[in-house]
Amino acid sequence: YYDLYATLNSARLSSVELNKTWRRKEFHNGGVLEPMIGARFMTFKDIYRQDGYGRYDLDPADFPDINSPNPLGPAEVFVSDRAHFENNMLGGHLGFRYFYEKAHWTINSEVRMFACHNFQYLTRYQDQVVTSYGTPGGTTVDYELRNKARAFDRSDEFVWGGEVRVDATYALTRDIGFNFGLTLLDLADGIGRGNDIRDNTESVMMAGVNFGFWINR
């Protein structure tokens, strides 16, 4: 029994940044603008898997005849093709933060544009199991072959994109508060995905929610 899998948009993202921020004078409506410049390191790992299964007749050499599929054939072939495409992006960004305070609430918005060099690494795993029962409808295994292949490749690309974040913060006390909001991240070009090193100029757009808390000391 083989449990077949296929992945769609399965990935992991991590990001670390270091910023220098300047606070401008408060506007007449109480809003404050903070331009920023910074460095950023991001890792985006795309996870690929595609399984396949088929039954076939045997050729004269008693091996599965791939050109002769037969759902009742004496030979079965299971193939699992997996890949990890890792994108390590190092670069800088420019942006600004604008926030407005009213009573216990602070409304905050951030916009950033970034450009990074992408160090790409692709690892591919291919596993194949061939089982022959000798005759159609047979239940006794004649032979079983297991083949494993591993391949590694790398490339370099240029990645650019942007990030928008909007959130609201509520101050429970002078020193403690919590916040929640929305984030949109766009990696517009230069991302490696799938199981082919030639698919290394893809794009990714992600949206989600963010939440947390802050403490002033």
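Mentor: Helices (H or I, at least four residues) and strands (E, at least two) are DSSP runs, numbered from the N terminus. This is a predicted model, in which local features need pLDDT of at least 70 and side-chain atom pairs count only at pLDDT 80 or more, while totals for chains, interfaces and linings use all residues. Residues are numbered from 1 along each chain as its sequence is written, and side-chain values use heavy atoms, with hydrogens and water left out.

Trainee: Okay, how many helices and strands are there in the protein?
Mentor: The protein has zero helices and eight strands, and from the N terminus on its elements run β-β-β-β-β-β-β-β. The radius of gyration, taken over C-alpha atoms, is 27 Å, well over the 17 Å that the globule rule (2.2 Å times the number of residues to the power 0.38) gives for 217 residues, so the protein is more spread out than a compact globule.

Trainee: And what box do the C-alpha atoms fill?
Mentor: Taken along the principal axes, the box is roughly 85 × 35 × 25 Å.

Trainee: What share of the residues counts as buried?
Mentor: Of the 217 residues, 34% count as buried, where buried means under 20% relative accessible area with a 1.4 Å probe, protein chains only.

Trainee: Which residues make up the largest nonpolar core?
Mentor: A nonpolar core is a set of buried Ala, Val, Leu, Ile, Met, Phe, Trp, Tyr and Cys residues joined through side-chain atoms within 4.5 Å, and the largest one here has 10 residues: M42, F44, M89, F114, C116, V159, L185, L187, I191 and V204. The elements that give two or more residues to this core are β2 (32-58), β5 (105-132) and β7, and the largest share, three residues, comes from β7.

Trainee: What does L187 touch in there?
Mentor: Contact means heavy atoms within 4.5 Å, and, not counting residues up to four places away in sequence, L187 touches M42, M89, F114, V159, W160, S203 and V204.

Trainee: Switching topic, is G177 buried or exposed?
Mentor: G177, which lies in strand β7 (residues 176-191), counts as buried, at 2% relative accessibility. Leaving aside neighbours within four places in sequence, G177 is in contact with Y170, A171, L172, F213 and W214.

Trainee: And where is G212 relative to G177?
Mentor: G212 is 35 residues from G177 along the chain, and their C-alpha atoms are separated by 8.8 Å.

Methods:
Buried < 20%, exposed > 50% of the residue type's maximum accessible area, 1.4 Å probe, protein only.
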